Amino acid sequence: MASHARPRPAGTRVAGIRTPALATAALTSVALLSQTATAAPSTDDKPSLEEVEKKVDDLYRQAESATEKYNSAKEKTAEQRKEVDTLLDDVAQRTQKLNEAREELGSFAAAQYRTGASAPDTATFLLADTPQDYFDQTQLMGRMTDRQKGAVDDYISAQSATMKKRQEATKSLETLSDSQTDLKTAKATVQRKLSAARELLSQLTAEEKARLAAIEKKKQEEAARKAAELAEQQKAAEQKAAAEEQEASTPDSSASTDSSYATKADKALAFARAQVGKPYVWGATGPDSYDCSGLTQAAWNAAGISLPRTTYDQVNFGTTVPLANAQPGDLVFFYDDVSHVGLYIGNGMMIHAPKPGAYVREESIYYDGESAIHSVVRPA
């Protein structure tokens, strides 16, 4: 990440100097300033409190983005592990069938050896690279009984199916290994970003921490003001829509749909409110802690709607609606990389799991400024 440290003031440029005396004086001043700077480092190298706040916020955002990548890799890894387990079970079952077919062929060979019938042909079959290579010889096939032919066919079929499943299992294991690598990388990125944020905050003095809290309080007040504005706009829009419907004297066809959605949304919101005060933990899906998408997924699951795990998938699950038309229960997504999500509760407010070190809480959707809002999605 680029440093936010303020650059040193550029040296004064002296133009139009004509006399050697003035030039010498200027050079002497520059030399003295240089010596002073060498003797005592400038405090300008220390970033301002506002720069520290921005850097910490950026690190938390990057950590949350990495968390969603971790969630995606974790989900993919679990699915692939399940697929691998299924394939390995299938391979084991097919191998058992292959062994049984081989044993049956061996019993034919033993019987032929005891009777002296076709012993050389059977021996050749057992030593061949593949059964099909040998039994393509029509002379031998002509001497085999139907039961023997059936046993050979079963063996060839079992061998082919087993080899195919083994190849599928090998490919799935390679894919699983790649996903596990992605999982470790995402996890390491989250931990690195959080560690850097904690390190920055630990360097603040008590006075600086108090000033930082004051800056945060001012931001929250502005966010609350914007939420109140949105609430007034939405109220006015609802009143206008109700008046237009009454004038038209026709029932609104979307009324039943809205009622059904409101019923589900109430269940999702009731669940989310019950989680207020629980800690944000990256990668968590409850019941004791949550990350942002883990909370929205759990809330809508409580309403009977199975949301995907990550913000990247949740943003495409449902119908995108204008912010002005947002209803309680809608999902509000943030930032260009869609790395954060909250559950809209009305009046410009939402319930969300904000960031590491914070707790599930109700907060203005403008908590990080209006430009941070990406989109609003109605999931049901």
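Q: In which sense do strand β3 and strand β4 pair, and over how many bridges?
A: This is a predicted model. In it, β3 (residues 340-346) and β4 (residues 349-352) pair in the antiparallel sense. The pairing runs over 3 bridges.

Q: Which residue in β4 is the bridge partner of Gly346?
A: Met349 is the bridge partner of Gly346.

Q: How many residues sit between β3 and β4?
A: There are 2 residues between them, and the two strands form a hairpin. Asn347 is in the turn. Asn347 has a positive phi of about 55 degrees.

Q: How many bridges join β4 to β5?
A: The count is 4, and β4 and β5 run antiparallel. Met349 turns up here too: Ser364 in β5 stands opposite Met349.

Q: Let's switch to confidence. What is the mean pLDDT?
A: The mean for the protein is 78. Of its residues, 72% reach 70 or more.

Q: Where is the pLDDT below 50?
A: Over residues 1-43. That stretch has 19 contacts in the model beyond near neighbours in sequence. Where pLDDT is low, the predicted coordinates should not be read in detail.

Q: What comes just after α9?
A: Gly304 does, and Gly304 takes a positive phi of about 90 degrees.

Q: Which helix holds Gln314, and is Gln314 buried or exposed?
A: Gln314 is in helix α10 (residues 311-314). Gln314 counts as buried because its relative accessibility is 0%.

Q: What does Gln314 touch?
A: Not counting residues up to four places away in sequence, Gln314 touches Ser293, Thr296 and Gln297, among others. The list also includes Leu331, Phe333, Val341 and Val377.

Q: New topic: how many salt bridges does the count come to?
A: The count comes to 12.

Q: Which residue forms a salt bridge with Glu53?
A: Lys219 does, with the closest N and O atoms 4.0 Å apart. Glu53 lies in helix α2 (residues 49-115) and Lys219 in helix α7 (residues 206-248), so the pair ties together parts that are 166 residues apart in sequence.

Q: What about Glu229 and Arg225, how far apart are the closest N and O atoms?
A: They are 2.4 Å apart, in a salt bridge. Glu229 and Arg225 are 4 residues apart in helix α7, so about one helical turn separates them. Glu229 is partly exposed, with a relative accessible area of 33%. Arg225 is partly exposed too, with 40%.

Q: Which residue meets Lys226 in a salt bridge?
A: Glu370, at 3.0 Å from N to O. Lys226 lies in helix α7 and Glu370 in the loop between β5 (361-364) and β6 (373-378), so this pair ties together parts 144 residues apart in sequence. Glu370 is partly exposed, with a relative accessible area of 48%.

Q: Which residues do shared partners join into one network?
A: Glu222, Arg225, Lys226, Glu229 and Glu370.

Q: Last one: where is Arg192?
A: Arg192 is in helix α6 (residues 146-202). Arg192 counts as partly exposed, at 49% relative accessibility. The C-alpha atoms of Arg192 and Leu59 are separated by 9.3 Å, and the two residues are 133 residues apart along the chain.

Methods: Residues are numbered from 1 along each chain as its sequence is written. This is a predicted model: local features need pLDDT of at least 70, side-chain atom pairs count only at pLDDT 80 or more; totals for chains, interfaces and linings use all residues. Side-chain values use heavy atoms; hydrogens and water are left out. Buried means under 20% relative accessible area, exposed over 50%, partly exposed in between (1.4 Å probe, protein chains only). pLDDT is the predictor's confidence in each residue, from 0 to 100. Contact means heavy atoms within 4.5 Å. A salt bridge is a side-chain nitrogen of Lys or Arg within 4 Å of a carboxyl oxygen of Asp or Glu. Two strands pair if DSSP finds at least two bridges between them.
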